[in-house]
Amino acid sequence: MTAAGNPASPADSGLQVTRLSKTYAGPSGELSILSDVDLSLVPGEAVAVTGPSGAGKSTLLYILGLLESPTSGTVRLGDVDPFALAKVDQAKYRNQRVGFVFQDHHLLPQCTVLENVLVPTLASPGETSGAAERAESLLERVGLKDRMVHRPAALSGGERQRVAVCRALINQPLLLLADEPTGNLDRKTAATVGALLLELSAEQGTMLLCVTHSQELAGRFPRRYELTDGRLENAS
Ligand code: ADP
Ligand code: MG
């Protein structure tokens, strides 16, 4: 509820990207990657972004995850402008509010499956009570209950990516960013991982923004956009 007693509007708890632009300085002048990108999501919503290689899809996700900063434009997630935060709060924002799934699973080889899922909870132990139970229930949800003490080397590619999805969701982020999450998987495994991403984020009320080359994966999403020439065009 707001101070005035009204229920929070979707804009108070969603993602609001406004006129976001990104340029890089190149040897032969400025390189425009993103131009006036507007995008809004409400909690629980899932959006896919397709586009050719080099279109700026990863750049868009990196900006939303604070791994890059925009040249201009604004981002709001819930009631927070992450680029206005102090560095220490930006790290907390990245850890608490955003989850990432990459094309490569990036699991720690020396840790078990359960330990890998728990890694994001180590940064703020006081705020993640019940983390072990949550990790176990997420792993059970993705069908890996009997693999919790295995190391990543003992898992298939699809199983590793399912662990990466659990790790991304362990802190119950508001926003899940997935960058070609099925890019290294065969068709059938990709379909399983894609379905899990959509189901789990919907169950948690997490907003899901997924960039992909795969029309098959994009086709599962209720809202689709294409990024071309730096602009986000509706593709639904
Ligand atoms: P996509 O994920 O759609 O394949 P990227 O977001 O990775 O595309 O890259 C978009 C463009 O931005 C590419 O042309 C890439 O070379 C360029 N680019 C990415 N990072 C940098 C950087 N740090 N400096 C200069 N150019 C960059
Ligand atoms: Mg990319």
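Trainee: In what order do the six strands of the open sheet come, and what is the pairing?

Mentor: The order is S5-S6-S7-S3-S8-S9, and the pairing is mixed. Strands here are DSSP runs of E with at least two residues, helices are runs of H or I with at least four, both numbered from the N terminus, and two strands pair if DSSP finds at least two bridges between them. Before going further, note that this is a predicted model, in which local features need pLDDT of at least 70 and side-chain atom pairs count only at pLDDT 80 or more, while totals for chains, interfaces and linings use all residues. Residues are numbered from 1 along each chain as its sequence is written, chains are lettered from A and ligands numbered from 1 in the order in which they are written, and side-chain values use heavy atoms, with hydrogens and water left out.

Trainee: Ok, and which strands stand at the edges?

Mentor: Those are S5 (98–101) and S9 (231–234), and because each has a single partner strand, one side of each is left without a neighbour in the sheet. From one strand to the next, the twist averages 20°, where axes are lines fitted to C-alpha atoms, for helices over the stretch in contact, and angles run from 0 to 180 degrees between N-to-C directions.

Trainee: How does S9 pair with S8?

Mentor: S8 (residues 223–228) pairs with S9 in the antiparallel sense over four bridges. Leucine 227 stands opposite leucine 232, and threonine 228 faces arginine 231 in the same way, standing opposite it. The hairpin of S8 and S9 has two residues between the strands, and there aspartate 229 takes a positive phi near 50°.

Trainee: Which helix lies across S5 and S6?

Mentor: That is H6 (residues 157–169), running at about 170° to S5. Helix H3 (residues 87–97) also packs on the sheet, touching S5 and S6 (175–179), with a direction at about 65° to that of S5; contact means heavy atoms within 4.5 Å.

Trainee: Switching topic, what is the order of the three-stranded sheet?

Mentor: The order there is S2-S1-S4, an open sheet with antiparallel pairing. Strands S2 (29–41) and S4 (72–77) stand at the edges with a single partner strand each, so one side of each has no neighbour in the sheet. Five bridges join S1 (residues 15–26) to S4, and threonine 18 has threonine 74 as its bridge partner in S4. Helix H2 (residues 57–64) packs on this sheet, touching S1, S2 and S4, and its direction makes about 120° with that of S1.

Trainee: And which residues are around ligand 1?

Mentor: Among them are Tyr24, Ile33, Ala55, Lys57 and Thr59, counting a residue if one of its heavy atoms lies within 4 Å. The largest share of this shell, three residues, comes from H2.

Trainee: Which polar contacts does the ligand have?

Mentor: One of its oxygen atoms is 3.1 Å from a polar backbone atom of alanine 55, and an oxygen atom of ligand 1 is 2.5 Å from an N or O atom in the side chain of threonine 59. With the ligand, a polar contact is a pair of N or O atoms within 3.5 Å.

Key: Polar contact = N/O pair within 3.5 Å; in protein donor to acceptor, adjacent residues only side chain to side chain.
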